[in-house]
Amino acid sequence: MTLANTILSALRGATANKLRAALTTLGIIIGVASVIAMLALGNGARAAVDANFRFLGSDSIQVAAQMAMDHGQIVPAGKILSYEDGLEMTQQVPLIRSVDMSVSSSGKLRYGRAAVDLNITGSTADALQSVVNQGTVQPVNWPEGQKLTTAAFVGEGRFFSPEEVLANAPVCVLGWQTAQDLFGGDNPLGQEVWVNRQRCEVIGVLTELEMVDPSQRLNNDPNEGAYLPISTAVRSLYEQEPTVNITAHVTDEKRIDEAKDALTQYLRSRHEITQQPDGTWPDDFTLTTRRDVLGAQQDAARTFSLLLAAMAVVSLVVGGIGIMNVMLVSVSERTREIGVRMAVGARGRDITAQFLLEAVLLGAVGGLLGVAVGMLAIPVAATLNQGMALLDPNSIPLALGVALLTGVVFGLYPALRASQLDPIEALGYE
Amino acid sequence: MMDAHPWVIDAQELVKTYTMGSSQVRALRGVSLRVAPGEFVALMGTSGSGKSTLMHLLGCLDTPTSGRYLLEGRDVSALSRDGRARLRSRRIGFIFQTYNLLPRLSTLDNVALPLLYQGRVGRVRDRAEEALSRVGLSERARHRPSELSGGERQRVAIARALITRPAIILADEPTGSLDSATGEEIMRLLTELGREGVTLLMVTHDAHIASYAERTLHMRDGRLLEGGEER
């Protein structure tokens with residue numbers, strides 16, 4: 001019998017009892033939906049980490065002060081991370097190539113009689129590079145897909161240099177809107193402004209910037225602000241020494257764990273942290289690498305994925321047994337049909353093919369419905385996993401393949417049984 | 001090629017023994033039978049006489065315990081399951097008392113079924129339509145068996161048996177489920193086919209129906225009766 005005719009026969013057989021077919025495939029539907037949802041969770045966790053931690057390069061260690069609650073206020077748990085902590089890092093830890101630092105606070109900027117309240121950032125000279133890496137803002141009308149450079153962010157003048165940072169130079173760089181507000185149409189370069197009680201020379205103005213994500217453009221204006229060397233900011237903007245954000249870059253990505261250990265030693269000795277009698281270290285800082293973040297996110301997703309995997313396996317086995325059951329019933333109901341087919345010349349393999357194909361067809365129907373249900377279930381799965389679930393395109397062929405395979409595996413026994421019937425008995429003699 | 005052998009069926013000393021529990025049932029105790037091309041033979045006997053068993057052997061649905069069975073000169077007594085299925089799809093047509101049409105297939109598809117199991121693709125519909133028109137049911141090609149009368153269903157079954165142009169058509173009580181008027185119609189059709197050169201072997205317990213055949217054989221207790229050969 002030709003394949004086309006076998007498929008037709010199987011189609012007729014499988015659709016003869018639609019309700020029974022639908023109920024049979026329920027297990028397959030749930031199993032396939034679980035596979036789709038499971039892979040969406042893993043995929044979602046990966047995508048979330050990629051999106052949220054793009055700024056944390058694979059060569060970076062983020063250093064943060066351990067915080068605690070005190071009378072409803074968030075305060076450092078131990079010593080703060082100071083500018084000096086960061087400054088000496090490169091000298092004391094050979095595996096650290098460079099260190100980015102930043103602080104930010106609100107403040108007042110004055111020029112003549114004009115004054116604006118704004119967010120003031122103290123940073124190292126690499127601040128613009130961090131902004132580029134973060135990729136959340138871009139110059140207005142930036143061509144899509146073109147690579148961002150630090151130079152594109154500077155409209156007039158220049159950004160401050162590493163030497164100016166080390167020398168506490170009284171210089172500043174203004175955001176585009178801030179320069180407009182203070183100077184109108186005049187050239188701000190070389191002018192002196194007051195940043196709180198510190199006089200600074202304006203050495204640069206940034207390009208007009210916008211958020212990359214259009215939905216964020218109403219809430220965030222990246223053009224208001226002023227940048228100072230972090231050394232200058234720490235001295236002049238704060239009454240108490242502030243805790244700074246530190247990102248250390250290692251010389252060799254492969255030795256990042258080694259660098260992390262060295263950094264821990266360095267900070268423990270600087271902060272005079274000693275080992276407790278129970279062997280623990282009461283560290284007042286935390287070190288985070290990209291791999292740490294990824295690991296934590298994936299751990300969370302993995303627990304849930306395992307649950308779904310177990311559900312998928314159980315459902316598919318239940319679904320498979322359902323298919324086997326319905327096929328066995330079908331074979332015994334259609335014994336006479338099998339006898340007639342054999343009498344007019346069907347060989348064993350023709351009968352096997354017909355019933356196997358019917359079982360595979362049930363699997364395929366269950367698989368297709370399962371993919372649909374799985375895609376609908378992704379938003380539900382996302383709410384259980386901090387919004388991290390994203391359809392993995394590869395999961396669709398995979399899940400369909402699993403459904404078809406279930407049909408083959410569990411349809412084989414009934415199909416073989418049908419093919420081994422004795423034609424005389426099947427025709428109803430004896 | 002067929003003319004090289006004078007007999008369509010040449011069965012020699014066929015024995016069939018079944019084991020039922022601990023006892024042996026000897027359904028056929030040595031049956032020899034020859035059927036010439038174009039013959040219309042009736043096989044009579046009471047139930048349990050072994051006529052159904054003989055028909056199963058001659059139809060290659062089963063193999064004899066001993067004896068030789070030549071179909072068109074070829075020894076088919078020891079063919080495999082698949083070999084017998086292949087032979088049935090090409091050289092043997094069946095007509096059953098209860099028609100045995102597949103309820104979900106149209107009349108035309110029922111008739112075409114043996115050709116599909118031959119693995120044929122070309123001209124299948126044309127040949128099915130031809131066979132249907134031979135039994136006078138061209139206008140019923142799209143109907144399901146359940147929409148046909150008993151007589152019409154048996155005509156469809158006859159068309160299905162005819163379509164492969166078999167060496168022999170085996171009919172098992174072809175009128176057994178029909179009223180006598182319709183039964184006569186079916187018998188007239190079979191007689192016509194016999195005149196056109198189709199070889200027919202019909203099992204029946206009705207002497208009147210058997211009288212349509214050219215020759216009637218009688219069976220009892222697993223043997224053909226002596227002297228029961230000629231009408």
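Me: What makes residues of chain A and chain B count as being in contact, and how many are there?
Reply: Two residues are in contact if their C-beta atoms, placed from the backbone, lie within 7 Å, and by that rule 20 residues of chain A are in contact with 22 residues of chain B. On the side of chain A that touches chain B, H12(A) gives the most, with 5 residues, helices being DSSP runs of H or I of at least four residues, numbered from the N terminus, and strands runs of E of at least two. This is a predicted model, in which local features need pLDDT of at least 70 and side-chain atom pairs count only at pLDDT 80 or more, while totals for chains, interfaces and linings use all residues. Residues are numbered from 1 along each chain as its sequence is written, and chains are lettered from A and ligands numbered from 1 in the order in which they are written.

Me: How do you know that the length of helix H14 of chain A agrees with its number of residues?
Reply: The expected span is 1.5 Å times one less than the number of residues, so the 25 residues of H14(A), 395-419, should span 36 Å, and the end C-alpha atoms are 35 Å apart, which agrees.

Me: What makes A:Gly411 the site of a bend?
Reply: The bend is the angle between axes fitted to the seven residues ending at a residue and the seven starting there; at A:Gly411 H14(A) bends by about 40 degrees, and A:Pro414 follows within four residues.

Me: Which elements of chain A have the lowest and the highest mean pLDDT?
Reply: With pLDDT being the predictor's confidence in each residue, from 0 to 100, H1(A) has the lowest mean (73) and H12(A) the highest (94), while the mean for chain A is 86.
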